[in-house]
Amino acid sequence: MKIVVKYTVSKLSQGFTLIEVMLAMAVFSIAGIAILGTADTNARNLGHLESKIIANWVASNQLVEVTLDSSWPPKNNKKGKVELAGQEWFWQQKVIKSTEKDMRAIVMEVRIEEKDETALNSLMTYVAKKNQ
């Protein structure tokens, strides 16, 4: 007994046409370019955020030094540089008079380059004259 099985190939099971394949490739390439652009932006932002965090640490450290200093009044426009995380950071201290004669506001600005117009980070604290 011989059994003959006929395979009928319908149009749906023949595969994709060249136009369908090219359209799918175009869609995936556009999606890939969008993903690469997003990844690039995230990598750049990560570096900027890292710089801002380290600048915040520098400003915080300098403000701690100011609060530990016993001289009165604090020096205005004091500048310096410090190395942290393998990079040099430039800081500037600005002293602002308050309504209280025995109190001063101190703003610590940190820059990557000494000649930068705007500070990368800035912190402020208040110090009071210590009674002797």
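Reader: Is Arg44 buried or exposed?
Author: Arg44 is exposed, with a relative accessible area of 54%. Exposed means over 50%, buried under 20%, and partly exposed in between (1.4 Å probe, protein chains only). This is a predicted model, where local features need pLDDT of at least 70, side-chain atom pairs count only at pLDDT 80 or more, and totals for chains, interfaces and linings use all residues. Residues are numbered from 1 along each chain as its sequence is written, and side-chain values use heavy atoms, with hydrogens and water left out.

Reader: What does Arg44 form a salt bridge with?
Author: Asp40, with the closest N and O atoms 2.4 Å apart. A salt bridge here is a side-chain nitrogen of Lys or Arg within 4 Å of a carboxyl oxygen of Asp or Glu. Asp40 is partly exposed at 39%.

Reader: How many salt bridges in the whole structure?
Author: Four. Glu109 forms one with Lys94 at 3.5 Å, and Arg111 forms one with Glu109 at 3.1 Å. Shared partners join Lys94, Glu109 and Arg111 into one network.

Reader: Are Arg111 and Glu109 buried or exposed?
Author: Both are buried.

Reader: Switching to the largest nonpolar core: which residues touch the most other members?
Author: Ala55, Val66, Trp89, Ile106, Met108 and Val110, out of 14 residues. Such a core is a set of buried Ala, Val, Leu, Ile, Met, Phe, Trp, Tyr and Cys residues joined through side-chain atoms within 4.5 Å.

Reader: Where does the largest share of this core come from?
Author: H1, with six residues. Helices (H or I, at least four residues) and strands (E, at least two) are DSSP runs, numbered from the N terminus.
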